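Subject: Structure for you to look at

Hello,

Here is the structure I promised to send. Please open it next to this email; my notes follow below.

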Amino acid sequence: MPTYKLSYFEGRGLAEVSRQILHLSGTPFVDNRISFEKWPKIKPYTPFGQIPILCVNGEEIPQSFAIARYLAKEFGFAGKTPFEAAWVDALGDQHKDYMNEIKLFLAVAHGYAKGDKAQMQRDVAEPAIEKYYTILEKQAKSNGSNGHFVGDSLTWIDLVVSDHIGILETLIPNAVDSFPLVQAVRQKTTSHPKLKEWIDKRPESWF
């Protein structure tokens, strides 16, 4: 059986969905959490100078979505057909576009950049949220309003969106209240017994 080591900071962030996939699949893994203090010494030895990194039998895979896609394909969370997998990937790419649009607000809200949080919410976050979650609401409806964005089973994009909403709502309460089908996907995803088990036992973090 392959061995897995997932390295990231001491928070959910860009590694959380991959951690969730590993736990959902019942796959043992080393959850290597790196402090901000230790990171500068480790950074020069990473493939792209960033984390997360997944190590599989000693071989490294960088980039958060590359890791998530790899694990999803390995353990059955990438869609049941090539067409479904393509749609899951497309929504994943759309999520990255959204994160690029909202990142300035997130930086200010988390104290990484200077700025007026209320203004950033109004000018940056709210338009990005409206644009992205309208797309997701439409996709959830076209998928049959079955609690998934693609197909009839849990995929990694369900996990990505559900985890992000959990972080977003700590900054903007009720941020997605006007998107009931998106909320239904999140509810179904977070109600999965194995995922609830992971959420209950994972370390507390603010990101």
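First, a definition: helices (H or I, at least four residues) and strands (E, at least two) are DSSP runs, numbered from the N terminus. On that basis, Pro 62 is found in strand β4.

Two notes on the source. This is a predicted model, so local features need pLDDT of at least 70 and side-chain atom pairs count only at pLDDT 80 or more, while totals for chains, interfaces and linings use all residues. Residues are numbered from 1 along each chain as its sequence is written, and side-chain values use heavy atoms, with hydrogens and water left out.

Overall fold
The chain has eight helices and four strands. From the N terminus, the order is β-α-β-α-β-β-α-α-α-α-α-α. The radius of gyration (over C-alpha atoms) is 17 Å, close to the 17 Å from the globule rule (2.2 Å times the number of residues to the power 0.38) for 207 residues, so the chain is as compact as a globular protein of that length. The C-alpha atoms fill a box of roughly 45 × 45 × 30 Å along the principal axes. Take contacts (heavy atoms within 4.5 Å) with a separation of 6 or more: 68% of them join residues 24 or more positions apart.

Strands β3 (residues 53–56) and β4 (residues 59–62) pair in the antiparallel sense over four bridges; pairing takes at least two DSSP bridges. Ile 53 stands opposite Pro 62 in β4. Two residues lie between the strands of this hairpin, and Asn 57 takes a positive phi near 50 degrees. Pro 62 is buried, at 16% relative accessible area. Leaving out residues up to four places away in sequence, Pro 62 touches Pro 47, Phe 48, Pro 52 and Ile 67.

Helix α1
Nine of the nine residues of α1 are buried, so this helix is largely enclosed by the rest of the structure. Among them are Arg 19, Ile 21 and His 23. The cover over these buried residues includes β1, β2 (30–34), α3, α6 and α8 (193–201). Just after α1, Gly 26 takes a positive phi of about 70 degrees.

A 1 Å grid over the protein atoms alone was used: a cavity is a set of points where a 1.4 Å probe fits but cannot get out, a pocket is an open set with protein on both sides within 12 Å along at least five of seven lines, and lining residues have an atom within 4 Å of a point. Points are joined across faces, edges and corners, and a volume is the space filled by probe spheres set on them.

The largest pocket holds about 1,100 Å³. It is lined by 34 residues, and Tyr 8, Gly 13, Leu 14, Met 99 and Leu 106 lie nearest its centre. Helix α4 gives the most to this lining, with seven residues.

What lines the largest cavity? The residues are Arg 69, Ala 72, Lys 73, Ala 78, Ala 85, Asp 89 and Trp 156. The volume of this cavity is about 30 Å³. Its largest lining share, three residues, comes from α3.

Best wishes

How values were computed
Buried means under 20% relative accessible area, exposed over 50%, partly exposed in between (1.4 Å probe, protein chains only).
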